[in-house]
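Take a look at the fold first, then we will walk through the strands.

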Amino acid sequence: MPTKSGIKYYHHGRFALSGGILPDAITAYQTYGDPSNPCIVFPTCYGGRLDSQDYMIGPDKALDPTKYYIVTFALFSNGESSSPSNTPVPYNGPYFPRVTYEDNIRAQYAVLTKALNVKKVFCVVGFSMGAQQAYYWPVMYPDYIEKFIPICGSARTSPHNQCFLEGPKSALLASKDFNGGHYTSTPQFGIRAFGRVYSAWAYGQTWFRRKGYLYDGKYSDLNNWLHAEWEDGFLAIWDANDLLTLLETWQFGDVSKLDCLSTLDSSLTREGGSLTGGDGDLVGVLGRIKAKALIMPCKTDLYFPPEDSENEVAAMKNTDAKLVVIPSDWGHMAGGGSNDIDDKFIKDEIIKFLESA
């Protein structure tokens, strides 16, 4: 594979987040390929670390580092960028400020322009929370982005999606070992409950009906799969306060909350500035987008159903927006590198879109 950097850390210094100010906010990122090539931004999703982004990056994959300069960004609260688990007192643990998507995009823009000298981004690609970030980019920086590809995500987290997230969140908050976020060891009961509540929503009902959770004999039964994939998947590397802070970012995602739409491009270059309010006019906001779009929901996604994407594409009247539905029973997980068939479908569509005029 062409040049891949190790994880790098950009220190913003004093940085305003939605819920407060960090004295030294840090954004973790990684780069692939030659900086002289067109730049593709590929931010992380919920449960994603920088090393998990490789599933879509490679000469034989959707994002080819021999053709593009790829920059992956770690979301605030993912455990690599500034998070409850790695921030010193007095902003550690449950005292970490609330974070929004716009906070993350402002921080990523600072890295691109100040550390990497990227003059323009060719495309932003993202899955799930990464897809929601992809929607924010052309709204916040309309003259900086040429194309964007949200995979299994939406411009606004729907009430149903918000309600789903209340389930795993409440399971963790109510656990006997969470202790209001002041735990001194891993809250095993809480994180195990969190994973189990979360698990049923990640796949389509048909996937469960055909016993996809057995993975062709890898797991003996449903409970074995829950232990190995959904309990251990979070217990192995995730901090409970990180999970909750990141979940809140997802839960309240909504590009229509961005303020001062006509002056966003200039106002957001001020690192540490703030954006709150907005008129909530999602159709109006999407209608102002100029960047070309490839919107890829999954047919059976329970978080971000294709009907939401259909409405969003219909609202993008000022640009070339293409809707391609992933025909999979893997539900939300179809977009995250879960199986070869969906990976190939997504890869082929992305390559066509990136190479189109």
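Which residue in β5 does Ile 40 stand opposite? Ile 40 stands opposite Cys 123. This is a predicted model, in which local features need pLDDT of at least 70 and side-chain atom pairs count only at pLDDT 80 or more, while totals for chains, interfaces and linings use all residues. Residues are numbered from 1 along each chain as its sequence is written, and side-chain values use heavy atoms, leaving out hydrogens and water.

**The sheet**
- Eight strands form an open sheet with mixed pairing, in the order β1-β2-β4-β3-β5-β6-β7-β8 (strands are DSSP E runs of at least two residues, helices H or I runs of at least four, numbered from the N terminus; two strands pair if DSSP finds at least two bridges between them).
- β1 (8-17) and β8 (321-323) each have a single partner strand, so one side of each lacks a neighbour in the sheet.
- On average, neighbouring strands are turned by 20° against each other, direction ignored (axes are lines fitted to C-alpha atoms, for helices over the stretch in contact, with angles from 0 to 180 degrees between N-to-C directions).

**Around β5**
- β3 (residues 39-41) pairs with β5 (residues 121-127) in the parallel sense over three bridges, and Cys 39 has Val 121 as its bridge partner in β5.
- β5 also pairs with β6 (residues 145-151), in the parallel sense over six bridges, where Phe 127 stands opposite Ile 151.

- Helix α10 (residues 306-315) lies across β7 (292-295) and β8, at about 160° to β8 (contact means heavy atoms within 4.5 Å).
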